[in-house]
Amino acid sequence: MELTVWRTFVTVCRLGSLSAAAAELHHTQSAVSRQIAGLERQLGVPLMERHARGVRPTPAGEVFRRHALTTLNEADRAVRAARDAHDGAFNRPLAVGATPSLATGIVPEAIRALLRETGSVRWSLLPALSPDLHHRVVDGDLDIAVVTDAPPGLPQDPRVERRFLGLDDMVVALPVDHARAGRGPVHIHALADETWAEDNDGSAALLRQHAARAGVSARIDLVAADLPGKLALVATGHAIALIPGVLTRALRTDVTTVDLVDPPARGLYTITPRRDPHPCAASLLDHLATAFTSIRGAAARAAPLSGPLRAGGPDRSRA
């Protein structure tokens, strides 16, 4: 079987359309149809079925798609490894993923340190939420991702190597003219009547869990499309928001933060594929740990009333 046909099949499954797959692959629709039909003849089972809005894999097709995707990713890695061996390891681009808050501060700082150490390395950065980043590492799209264990948490997956970076206390973002701005740690009770904004389910779950433990509720009345949108709602006085502590140093000037008493926290982790790691991955892991320590220390110095930072590992009582 030719891998070109497998790529065509996987593309049709991803797009759910023969015509869309043909356009992406620069084939005619009839050529795509012939490839799928030929693959079905070889396997002796139907792989695709039509529905009102296009096509989708049959149960047999879905099983084949998963195995085909793994095979194609391995084939791509084989080509990349051969080219790296010929041209030198550092010619391989480094694909990094990170949650939006970590992509704002820790990751760029760590990459800067990596470039100082290694010289010229081609790299890219993809901001996304942790579940998506995990899948992209498994699929071979990313060499390393910096993720969190905020709800729904991180899966136990033998295909990836996971490394704990540290705990990140969540803080409350306020407009600079808010009555609580600059007043030191506050109890969630003092914010029970506020309007909250959220941009993702994990952060919203942390907020609700923290409020519930204190016997109050948090009214999440506004939902933003992303982190910048959430901060815009805060800056303009429409709401307050729970945000990662690591983000404090990179906030816009019309937003400030206040610490919470016994704040919710999330664990920060790196995940890398167990197979075919990037030559720069180990070094970047060390720089990420250093960057997190530096940013966390800077946040503590900027907020002397917040109390001592807690040391700890991934097993903790707070969600």
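Reply: Happy to! Let's begin with Asp143, which is found in the loop between α7 (130-139) and β5 (144-148). Helices and strands here are DSSP runs numbered from the N terminus (helices: H or I, at least four residues; strands: E, at least two). The model is predicted, so local features need pLDDT of at least 70 and side-chain atom pairs 80 or more, while totals for chains, interfaces and linings use all residues. Residues are numbered from 1 along each chain as its sequence is written, and side-chain values use heavy atoms, leaving out hydrogens and water.

With a relative accessible area of 8%, Asp143 is buried (under 20%; exposed is over 50%, partly exposed in between; 1.4 Å probe, protein chains only). Beyond its neighbours within four places in sequence, Asp143 is in contact (heavy atoms within 4.5 Å) with Arg92, Pro93, Leu94, Ala95, Ile271, Thr272, Pro273 and His278.

Now for the aromatic rings: the structure holds three aromatic pairs. Trp6 and Phe64 have ring centres 5.1 Å apart and planes at 70°, so this pair is edge-to-face (Phe, Tyr and six-membered Trp rings pair with centres within 6.5 Å; planes under 30 degrees apart are stacked, over 60 edge-to-face, the rest tilted). This pair links distant parts of the chain, with Trp6 in helix α1 (residues 3-15) and Phe64 in helix α4 (residues 59-87), 58 residues apart.
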